[in-house]
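Here's a quick briefing on some aromatic rings and how they pair up. Have a look at the model before reading on.

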Amino acid sequence: MKTQVLRRAAAVSVIAGAIAVVAPPLAIRVGAQPTPIAGQTLRQVAAIDLPGPPGRRFDYLTIDDEGRQLFSAHLAAGLLYVIDLRNNTVVASVTDVPGVEGVAYIGQGRKVYTSNWYENKMGVVDLGQMKVVKKIPTEDKPDGIAYAAPFHKAYVSDERAKAVAVIDTRGDRAITTLRFDSETGVPQYDHIARKVYVNLQDQNVLAVIDPGTDTVVGRYPVAGCKGNHGMAIDPERRRAFLSCEGNDDLAVFNLATNKVIAHLPMAQGADVVQVDPGLGRIYVACRSGAISVFQMDDPDRFRKIEDVRVPKKVHSLVVDVRTHRVYAPAEEEDGRPVAKMLIFEAVPGAPSGDSRK
């Protein structure tokens, strides 16, 4: 994940009752906030107090395939939190992950991969033991991770090494390293096209990797974008959403034609992008103190709805596509250092606004 300081994821209408039915109950042990955050699209329903030191930087999050556990990287604390989404409680704080940035759930073997920036290694966390059982050497600043399950491979952006490491997830070993002439941003696996996409953020290019051969099979310009780092994809609709950090722009990329089809303004300091395909919504966490929210009316029409005001330095989030809840870690609250996981429910419906192609 890249920040400026360090140089630095078809609209569907739903009703509130449908969301309430599938959402798990909130835990009794969650901490309350004096003034819960509320926007047109997101409403804060809780905040879980995290055990790590307050005021320290967080990074990526992910949810397991069954939607039972949330894994959150507390980068500056060197901790990986495991949160049970059935009751919203922290069940483990995994140590020995210094500078953890990227997080990926590997269903085969029930484990989690972590990108440990401070030691330039991948950690392999056994979820049965809730501890690191192996480390895999990488190059400079391992960051985002894409898991290509059919190929039993993980693709790790070694951002400053201008590379992508390829990991065999059955043997937990490095297979090869792909070299680029640009720092590498967030990679994503497309299960429809069976390809891996990776942002080449110095060149404003989207590269395509064939996981069958581990070769680069395409490089496509992201027109109008500066510093494409964050990325989320909607494989079924053949769309990618790229956060352009250099000009605070969300670029919508057509994966069928390999061209940008829309540009939408984001709040300053955009980082992680997530998509909720069921609601047709795209969320971007922005460290200036906002979650920028966009609506996909159909695969060719998009509009910005709002910037939901959140604490500053919230630059990561994840969507639970089953419940439509959004989880975002916070390191400050009203200017005070904290360590919390903010929980939002999606407000159904999509306010009106100008659609863009």
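Is F241 buried or exposed? F241 counts as buried, because its relative accessibility is 0% (buried means under 20% relative accessible area, exposed over 50%, partly exposed in between, with a 1.4 Å probe and protein chains only). Keep in mind that this is a predicted model, where local features need pLDDT of at least 70, side-chain atom pairs count only at pLDDT 80 or more, and totals for chains, interfaces and linings use all residues. Residues are numbered from 1 along each chain as its sequence is written, and side-chain values use heavy atoms, leaving out hydrogens and water.

**Confidence**
- The protein's mean pLDDT (the predictor's confidence in each residue, from 0 to 100) is 91, and 89% of its residues reach 70 or more.

**Aromatic pairs**
- The structure holds four aromatic pairs (rings of Phe, Tyr and Trp, using its six-membered ring, with centres within 6.5 Å; planes under 30 degrees apart are stacked, over 60 edge-to-face and the rest tilted).
- One of them is F151 with Y189: the ring centres are 6.4 Å apart and the planes sit at 80°, so this pair is edge-to-face.
- Both F151 and Y189 are buried.
- Then there's F241 with F302, whose centres are 6.0 Å apart with planes at 70°, so that pair is edge-to-face.
- F302 has 1% relative accessibility, so F302 counts as buried.

**A charge over a ring**
- K141 lies over the face of W117, 4.8 Å from the ring centre (the rule: NZ of Lys or CZ of Arg within 6 Å of the ring centre and within 35 degrees of the ring normal).
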